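Colleague: Please take a close look at one part of this model for me. I would like to understand the surroundings of the ligand.

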Amino acid sequence: MPVISIGNLVKTFGAIRALDGLDLRVEQGEVHGFLGPNGSGKSTTIRILLGLLHRDSGDARVLDADPWRDAVRLHRRLAYVPGDVNLWPNLTGGEAIDLLGKLRGGLDRRRRDELLQRFDLDPTRRCRTYSKGNRQKVAIVAAFASTVELYVLDEPTSGLDPLMEAVFQDEVRRVKQAGATVLLSSHVLAEVEALCDRVSIIREGRTVESGTLAELRHLTRTAVTVETARPVTGLDTLPGVHDVHEVDGRTHLEVDPAHLDALLGQLIRFGVRALTSTPPTLEQLFLRHYGDDPTAGASAPAASDAGAPQAGAR
Amino acid sequence: MRALTGTALLARLVLRRDRIRLAIWVLGTPLLGYALAGSVAGIYPDQAARQGYATTSASSLVARAFNGPIAGTDLGAVVVAETYVTLALIVALLSTFAVTRHTRQNEETGRAELLGASVVGRYAPLTAALLVIVAANVLAAGLLALALVGAGLPPAGSLAAAAAIGGVGVAFTAIAAVTAQLSVTSRGANALAAAAVGLSFVLRAAGDVLGEQSADGTRVQSAWPSWISPLGWGNQVRAFGGERWWVLALPVALLLAGVALAYALAERRDLGAGLIAPRRGPASGAPQLLSPAGLAWRMQRGTLLGWAVGVAVLGFSMGIAGDEFNAMIDQNPAAAEAINAMGGGANLLDAYLAAMLGLFALTIGAYVVQALLRVRGDETDGVLEAALATAVSRTRWLGTQVLAAALGAVALLLLAGVTTGLGYGLVTDDPLGQAVELGGAALLRLPALLVVAGVVTTLFGLLPRWSVVLSWTALLVFLLLGQLGAVLKLPQAALNVSPYTHVPSVPAVDPAALPLVVLTAVAAALLAAGVAGFRRRDVPS
Ligand SMILES: Nc1ncnc2c1ncn2[C@@H]1O[C@H](COP(=O)(O)OP(=O)(O)O)[C@@H](O)[C@H]1O
Ligand SMILES: [Mg+2]
């Protein structure tokens, strides 16, 4: 029984079709990465899973219950970190954590205090004086101090610095170890790579890919650069080979992973002197789905930009 | 001048963001002035009536405290006495909130950071906000002058009166420009500036109470505290009573000083920082906080305390004024008739007390609207989303807010009745008896307030995006129907729209159960509709 299963989900806001037949399946005990460009419908999906938004059509089940009808019962079994954390401005951070925990059905005091320390959060400050990152920490501490079956995290680390990011990753691993399931919407690729068992990539309200990272890599081309004794010919007729061009006697090309073997068989006949093969980076994988141009992943500067972990201001 | 780069652009942004608010302000103030001037002219049509009014106003300490120093028996002077304080307070608060909204609030929400990174000078945001808000005050004053002339008042006095009110707006624009630099939060900045408005009111009231009545008995010469109050300056212009134009230089001087100080403070601090360090609080939540009800109490208690102080002071003063009211009735039958139309019934003193309780019920309506609209504020801020993602049902959440607002209304009504009774009882030697009787009479107004709560809840549940505007509009309509309905001789069908119309005006008339039961039923239906709508709709929406 999957913990989250969504089929053909549609949600419109007036003329805007925020979700347009989205599918998502999150299995028990996995950390599932939920990726997509801004405005692709991640937060909308999550709000439907929490029974905050009403779906127009399609199926959505969470922990084998209807998220709209059984909202209150479900909420005892899950913890949520909103994408844009806002808190009661005149409560202190500590009060907000205790309030959210209590409203959810209680939290583990020892863990709460430990998390406050690890996240280096001052609980005596008023929420209105917290930065975005600190507000996020409040929501993260409140969520991880509760022992629940499912953690729903909507871009939880977009305001955290790299040190806090590491602490966050530890916490995700800890709850996973304890058997919980995590749905993690994120833009931080390193985080996804480090944490997620499986990912789903959505775009314009539809799921475009879903699977383990290895499976997704398989769908993207490998870049090959080869230097041969004799000029290479016959590449155009090989299946799965793209973008062949020569620079300074070296041949650059891209190949679908499934056809790598055939390519090597062909290259070997021309006396290979040097060969580099670069598997697709996660960035390229994303850019392929995020950008308008499916081949945009080849442009290196853009790739390294997107790959830099987003270190938020403290 | 680099520090001012981008001012024009930002001023246009302010205009664009606030075009509706500004239009309501700039057009609404003259319209309100016109309507009030007209109704006052109807109540005091001849010299004899105005002579009586002026003499009473000049001798009554309560009238001096709340209406300011009367400046003679001209119709214009009576109009100023009856309307100046109200209009000046409205303009002062509008200017205050507008300044905060376009300065500190932008910093708080991070919008200023976005702008600061573009080509915008350090002083540009503040300057742009001040330019627009001062211009709005000047424009509103100009139109108000025209409106007063249109209502039949002499041009010089009309201009002086309108300029006096515009001057108040300008003065508080300057004060708010400074408070916006002091506090880190827009709430804090508004609270500081609003406290300045309150202090000005108290100083002016004290100065006018301590002032001297002229030999002919129709004028008051204010004492020095009025002169250190920006609200008092407007009175010292003496519109319609031998205008002193030079007094108008005071708000202009304050504006210049305020802007200079605000610039200096802005120069010394970082973006987003303030000069008043925010206080620390408890590291963990006390058990009584950790429930929807505990949270509602925590969020409301400060506001409620402020309201309680205001209501108690006002109630007590109104009660004491009951005695002076007797004297006034003897001198001005027309005013007596107006009170009678508001309060109803045969005994004029009871009519007066009933009218005061009615006014309190209307005012406390504003508390109910404000308290309930916090849920909407929480929704737009994103706080509601976090709360509803916990194991609390929507019904419980909204129900708690409604209950909290209703309990607040009960407390304030009771306080209004009891303090009015105490004040009136002190001058008639029956403080306890009157406190009990008027306390009970005040509580009979609760069903009307429950209907107000029902209206807000329904709007929140069914038309969330419009709930703020429509809730306040509804209350304003109730207020206008209650205050001007009788004067303007509106048809009963129109008056019946307001729940306040249906509350028996005890103690002027005997209490009746039926209207209260019907009002309560209407309130229950509205509340049920609101909760049902909230349960069905998207959050946030
Ligand atoms: N309440 C709303 N009203 C109108 N449009 C909305 C609303 N919420 C989201 N949208 C739109 O739906 C789309 C998906 O938004 P969202 O789920 O927030 O995307 P993401 O979280 O992936 O950035 C966007 O185009 C957004 O503008
Ligand atoms: Mg989002």
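Modeller: Start with one term. A polar contact is a pair of N or O atoms within 3.5 Å. Keep in mind that this is a predicted model.

Now apply the term. A polar side-chain atom of A:T44 sits 2.5 Å from an oxygen atom of ligand 1. That pair is a polar contact, because the cut-off is 3.5 Å. With A:G39 the backbone takes part: a polar backbone atom lies 2.7 Å from an oxygen atom of the ligand.

How much of ligand 1 does the protein cover? On its own, ligand 1 has 560 Å² of accessible area, and the protein covers 69% of that.

Next, see where the shell comes from. Two elements of chain A, β2 (16-26) and α1 (42-49), each give two or more residues to it. The largest share, 3 residues, belongs to α1(A).

Here is the whole list. Ligand 1 is surrounded by A:F13, A:I16, A:A18, A:P37, A:N38, A:G39, A:S40, A:G41, A:K42, A:S43 and A:T44.

What kinds of residue make up the shell around ligand 1? The shell has 6 polar residues, 4 nonpolar ones and 1 charged one.

Key:
Residues are numbered from 1 along each chain as its sequence is written. Chains are lettered from A and ligands numbered from 1 in the order in which they are written. This is a predicted model: local features need pLDDT of at least 70, side-chain atom pairs count only at pLDDT 80 or more; totals for chains, interfaces and linings use all residues. Side-chain values use heavy atoms; hydrogens and water are left out. A residue is near a molecule or strand if one of its heavy atoms lies within 4 Å of it. A polar contact is a pair of N or O atoms within 3.5 Å; within protein, one must be able to donate a hydrogen and the other to accept it, and residues adjacent in sequence count only if both atoms are side-chain atoms. Accessible areas come from the Shrake-Rupley method with a 1.4 Å probe; for residues, only the protein chains shown count as cover. Helices (H or I, at least four residues) and strands (E, at least two) are DSSP runs, numbered from the N terminus. Ala, Val, Leu, Ile, Met, Phe, Trp, Tyr, Cys and Pro count as nonpolar, Asp, Glu, Lys and Arg as charged, and the others, Gly among them, as polar.
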